[in-house]
Amino acid sequence: MVIVSEGLHRQEVFFIKRWRYLCAAALIAGSMAAGAGAVSIPSTALTQLQQQRQADTSADYLSADSGQSRIAAYALVPKKNLYRISADSLYGIADLKTGKMIVPAEYTTIDVLSDGRFLLTRYENQASSFYYADANGTVTPIQTPVKGTYFSMAGDDCFFIGVYAKRPLTAAVQQPAEQYDIPTLVLLNENMKVIRDDIDGACGAASTPHFTNGLMPIQTGSTLWIGSRKGAIGNGTYGLIDKTGQFVGRNGFDELSWTDSRYIGKRGTALYQLDGKSGEIRLPANASQESSWAKAELEAAREHDISLSFYYPRLNITRVDFCRLAVKLYQKVQPNASAAPAAAFSDCENESVCLAAALGIVTGYDDGTFRPYQSITRQEAAAMLDRLYTTLGGKASAANDKPYADDAQLGDWARSSVYAMREIGIMQGKENNRFRPKDGYTQEQAVVTVERAFQAVK
């Protein structure tokens, strides 16, 4: 099954990714009530929302009283004061700078595309229709190459159309199956060209696949769906595809998940980390277990609320997750810290990354990227920890009167940090007086050293 184990952090998601079962009975009942036309949004309610927006420019959610019901507003493009307005199970778009509706409240869903446009869905008379809207409120119908019941975003400016057909559904493998409407997902690119038309959909509340780090886990080849009408998945196998729809590396996984900011596949009882470039590394049997030497400090970090929950603590930490740890510690020590600034990198909008960069804890690359899912080395960790410690008010000294045996392998940019972290007791060397600067830095090591930094500055 496809699992998003740690949840996708809201700030990390460039698109609003939600499963749109627009033919589900509950949703039809809600949307059809007003299917005959737009819901009128009183000017008094818009004025209330506008005043709330002026009072709190960072608000993601606002609400107002229309006299008959509550009107909710959700931020779509805050910089342009554009909010999604919800009324009677239908949606429109308001410009809260002018206090005017620019798209009437007559759509079933509204989502944001990366180019600043909006994706609108309308369901009525047993059929779905789809539209683009721009920031001025101009609405344009979308001509799709296939007919389907729902249309949703798949990330990276790609889309899904769900084409329903009767397929076998059973509560258990050995029980008789009933025929039930379950979709095949047709994946389209930004030009509405079909990329793949054989992706197995799911039934009910099971999660939809989406692109993360340029790749998408999909299931194909299902002949039976197991579960209930509220949630069932097929018996096919999984693999990763790129934006061209081609498999990247081997497929045939029994399960495939985005876990600890990387893809983990399972065949039988064996687990594999996929590198996204056709390579895979089999995980050791103890990958999900905390090392005995780290248990006490890991527990202390959890008690101090400066930890993250990792499924595989022995795997190397990614740049984005190190930033999350660093910011948790920073906010623990500086509880009145300011909010993160605007995104500083072309490939990452994560708030922790933006704040860590603004504080000087991390830096990006010359091409303007941050490469959030790239793992970090021990010397990179030392440099980041040194900058974090200094940001928290610590005074570091780089005494290296007893250099590591592999000192010559240290980067000049990292040497002082390596010895400063040793001096303070935050990060030590390894066996035989070696630092191993290019070795990986595991997730549990990251949590332990952040806990030590906390002890050093509290």
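A: Look along the line joining two helices: the crossing is left-handed if the near helix is turned anticlockwise from the far one by less than a right angle, and right-handed if clockwise. Helices here are DSSP runs of H or I with at least four residues, strands are runs of E with at least two, and both are numbered from the N terminus. Helix 4 and helix 6 cross in the right-handed sense. One caution: this is a predicted model, with local features needing pLDDT of at least 70 and side-chain atom pairs counted only at pLDDT 80 or more, while totals for chains, interfaces and linings use all residues. Numbering runs from 1 along each chain as its sequence is written, and side-chain values use heavy atoms, with hydrogens and water left out.

Q: At what angle do helix 4 and helix 6 pack, and which residues make the contact?
A: Axes are lines fitted to C-alpha atoms, for helices over the stretch in contact, and angles between N-to-C directions run from 0 to 180 degrees. Helix 4 (residues 319-333) and helix 6 (residues 378-391) have axes 11 Å apart, at an angle of about 20°. That makes the pair roughly parallel (under 35 degrees; over 145 is roughly antiparallel, 65 to 115 roughly perpendicular, the rest oblique). Contact (heavy atoms within 4.5 Å) comes from Arg 319, Phe 322, Ala 326, Leu 329 and Tyr 330 on helix 4, and from Met 384, Leu 385, Leu 388 and Thr 391 on helix 6.

Q: How does helix 5 sit against helix 4?
A: The axis of helix 5 (residues 351-358) comes within 8 Å of the helix 4 axis, and the two cross at roughly 70°. Helix 4 and helix 5 are therefore roughly perpendicular, and their crossing is left-handed. On the helix 4 side, the touching residues include Cys 323, Val 327 and Tyr 330; on helix 5 they include Val 353 and Leu 355.

Q: What about helix 3 and helix 8?
A: Helix 3 (residues 295-303) and helix 8 (residues 443-457) pack at about 65°, with axes 9 Å apart. Helix 3 also makes a left-handed crossing with helix 8. Glu 297, Leu 298, Ala 300 and Ala 301 of helix 3 meet Glu 444, Val 447, Val 448, Glu 451 and Arg 452 of helix 8.

Q: How many residues are in the largest nonpolar core?
A: In soluble globular proteins, nonpolar side chains tend to be buried together. A core is a set of buried Ala, Val, Leu, Ile, Met, Phe, Trp, Tyr and Cys residues joined through side-chain atoms within 4.5 Å, where buried means under 20% relative accessible area, exposed over 50% and partly exposed in between (1.4 Å probe, protein chains only). The largest one here has 60 residues, with Phe 322, Leu 329 and Leu 385 among those having the most contacts inside it. Its largest share, eight residues, comes from helix 4. Beyond neighbours within four places in sequence, Leu 329 touches Ile 306, Leu 388, Leu 392, Val 450, Ala 453 and Phe 454.

Q: Where do Asn 81 and Asp 156 lie?
A: Most residues other than glycine have a negative phi. Asn 81, in the loop between strand 3 (70-77) and strand 4 (82-87), has a positive phi near 65° and is buried at 17% relative accessible area. Asp 156, in the loop between strand 11 (150-155) and strand 12 (158-170), has a positive phi near 55° and is partly exposed at 25%.
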